[in-house]
Amino acid sequence: MKDSIRKDKRRKESLKMDFFYHNAWRLSHKYSSMLMNHIENENYYELSRMYYSQYMNELHQRGYNKNKNYVQVWNTMINTGTRDSIRLLHQTSVQRTN
């Protein structure tokens, strides 16, 4: 009986982490879509930093782990700073939400 309780607790924790992971990718898709709407704007880099800050702030407010690949792909986009990196970020976000 005691082992069953531990399994249930681990299962609940696993489901919770899975929910957070997929929700963080949905947020990434939301912000990358907004960024894609402005990709031809001459100030695309400033916009990308703004959307990055908003995304990170929302992750923080929801208490999500910032050491996951959904954050790493945003950091790569910011460090690269090209339109192609924005497209790759959006493509990755779309693939992860499907």
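At 14% relative accessibility, Asn23 falls under the 20% cut-off, so this residue counts as buried. Please keep in mind throughout that the model is predicted. Asn23 sits in helix 1, which covers residues 2-36. Apart from neighbours within four places in sequence, the contacts of Asn23 are Arg62 and Tyr64. For a sense of scale, take Asn23 together with Ser85: these two are 62 residues apart along the chain, and their C-alpha atoms are separated by 22 Å.

**The nonpolar core**

Which residues of the largest nonpolar core touch the most other members? They are Leu35, Tyr55, Leu59, Tyr70, Trp74 and Met77, out of 22 residues in that core. Four helices each supply at least two residues of this core: helix 1, helix 2 (44-62), helix 3 (69-80) and helix 4 (83-97). Helix 2 gives the most, with seven residues.

Leaving aside its neighbours within four places in sequence, Leu59 is in contact with Ala24, Leu27, Tyr64, Lys66, Tyr70 and Val71.

**Helix 3, one face in and one face out**

Helix 3 has 12 residues and spans 16 Å from its first C-alpha to its last, close to the 16 Å expected at 1.5 Å a residue. Its buried residues are Tyr70, Val71, Val73, Trp74, Met77 and Ile78. Looking down the axis of helix 3, you would find these buried residues within an arc of 160 degrees, so they line one face of the helix. Tyr70, Trp74 and Met77 have already been met among the residues that touch the most other core members. On the face turned away from the buried side, helix 3 carries the exposed residues Gln72 and Asn79. After helix 3 comes Gly81, which has a positive phi, near 75 degrees.

**Charged pairs**

Side chains of opposite charge can pair when their charged atoms come close. How many salt bridges does a search of the whole structure find? The search finds five, and the table shows some of them.

| Salt bridge | Distance, N to O |
|---|---|
| Asp8 and Arg11 | 2.8 Å |
| Lys30 and Glu58 | 3.7 Å |
| Asp84 and Arg87 | 3.3 Å |

Begin with Asp8 and Arg11. Both lie in helix 1, three residues apart, about one turn of the helix. Asp8 has 35% relative accessibility, so it counts as partly exposed. Arg11, at 48%, is likewise classed as partly exposed.

Now turn to the salt bridge between Lys30 and Glu58. Lys30 belongs to helix 1 and Glu58 to helix 2, so this pair ties together parts that are 28 residues apart in sequence. Are the two partners buried or exposed? Lys30 has 40% relative accessibility and therefore counts as partly exposed, while Glu58, at 13%, counts as buried.

Asp84 counts as exposed because its relative accessibility is 56%, and Arg87, at 34%, counts as partly exposed.

**Aromatic rings**

A search of the whole structure finds seven aromatic pairs. One of them joins Phe19 and Phe20 in a tilted arrangement, with 6.2 Å centre to centre and 50 degrees between the planes. Phe19 has 48% relative accessibility, so it counts as partly exposed.

Which residues do ring pairs link into a cluster? They are Tyr31, Tyr52, Tyr55 and Trp74. Tyr55 and Trp74 are also among the core residues that touch the most other members, and Trp74 is one of the buried residues of helix 3.

Note on methods. Residues are numbered from 1 along each chain as its sequence is written. This is a predicted model: local features need pLDDT of at least 70, side-chain atom pairs count only at pLDDT 80 or more; totals for chains, interfaces and linings use all residues. Side-chain values use heavy atoms; hydrogens and water are left out. Buried means under 20% relative accessible area, exposed over 50%, partly exposed in between (1.4 Å probe, protein chains only). Contact means heavy atoms within 4.5 Å. A nonpolar core is a set of buried Ala, Val, Leu, Ile, Met, Phe, Trp, Tyr and Cys residues joined through side-chain atoms within 4.5 Å. A salt bridge is a side-chain nitrogen of Lys or Arg within 4 Å of a carboxyl oxygen of Asp or Glu. The expected span of a helix is 1.5 Å times one less than its number of residues. The arc is that of the directions from the helix axis to the C-beta atoms. Rings of Phe, Tyr and Trp (its six-membered ring) pair if their centres lie within 6.5 Å; planes under 30 degrees apart count as stacked, over 60 as edge-to-face and the rest as tilted.
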